[in-house]
Amino acid sequence: MNLFLVAVGGFLGSISRFYISEKTQKRLIGTWLANITGSVILAFVYYLHIDGNLSEKIWFFLGIGFCGAFTTFSTFGNDTLSLIIDNKYKEAIQYISTTLLISLALVFLVWANFN
């Protein structure tokens, strides 16, 4: 059953990420938005799970499945490498730093507000 929940969550997460990329018509911005929002969703879901307010099944579906597929380190790495290959060093640094700093800051805010 857990494998099924992860699979369904992963399916929905990957479709959602694809939808954001299509709507923004730019893969870089779509990946950036998905990674930041996915980090916040994962922080919130994880907090609820370890606090005992979210069942194991919902954790498998949302936390592992949906968020695991919605956020994507491989596309983040590929997008960064593409910027570097295109000699867009400033954009690469901005992409890396804003993705990490905004994601971590928002995750910290989620944790700070619930602890």
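Trainee: In which helix does Gly 68 lie?

Mentor: Bear in mind that this is a predicted model. The UniProt annotation "binding site", from an unreviewed entry, covers Gly 68 together with Thr 71. As for its place in the fold, Gly 68 is part of helix H3.

Trainee: Is Gly 68 buried, partly exposed or exposed?

Mentor: Buried means under 20% relative accessible area and exposed means over 50%, with partly exposed in between. The relative accessible area of Gly 68 is 46%, so this residue counts as partly exposed.

Trainee: Where is Thr 71 found, and which residues does Thr 71 contact once its neighbours within four places in sequence are left aside?

Mentor: Thr 71 sits in the loop between H3 and helix H4, the latter spanning 73-85. With a relative accessible area of 22%, Thr 71 is partly exposed. Leaving aside neighbours within four places in sequence, its contacts are Ala 34, Asn 35, Gly 38 and Ser 39.

Trainee: Is Asn 35 buried or exposed?

Mentor: Asn 35 belongs to helix H2, residues 27-50. Beyond its neighbours within four places in sequence, Asn 35 touches Thr 71, Thr 72, Phe 76, Thr 99 and Ser 103. Because the cut-off for buried is under 20% relative accessible area, and Asn 35 has 8% relative accessibility, this residue counts as buried.

Trainee: How far apart are the end C-alpha atoms over residues 92-114?

Mentor: UniProt, in an unreviewed entry, places the feature "transmembrane region" at residues 28-47, 59-77 and 92-114. Over residues 59-77 the chain is 89% helix and 0% strand, with end C-alpha atoms 26 Å apart. Over residues 92-114 the chain is 100% helix and 0% strand, and the separation of the end C-alpha atoms is 33 Å.

Trainee: At roughly what angle do the axes of H1 and H3 cross?

Mentor: Two packed helices are described by the angle and the distance between their axes. H1 passes H3 in a right-handed crossing, and the residues of this contact divide into 11 nonpolar, 7 polar and 2 charged. The axes of H1 (residues 2-24) and H3 (residues 56-70) come within 6 Å, and their crossing angle is roughly 35°.

Technical notes
Residues numbered from 1 in each chain as written. Predicted model: local features only at pLDDT ≥ 70, side-chain atom pairs only at ≥ 80, totals over all residues. Heavy atoms only, no water. Axes fitted to C-alpha atoms, helices over the stretch in contact; angles between N-to-C directions. Helix = DSSP H or I, 4+ residues; strand = E, 2+ residues; numbered from the N terminus. Left-handed = near helix turned anticlockwise from the far one by under 90°. Nonpolar A, V, L, I, M, F, W, Y, C, P; charged D, E, K, R; others polar. UniProt positions renumbered as here; feature names shortened; annotations may be inferred. Buried < 20%, exposed > 50% of the residue type's maximum accessible area, 1.4 Å probe, protein only. Contact = heavy atoms within 4.5 Å.
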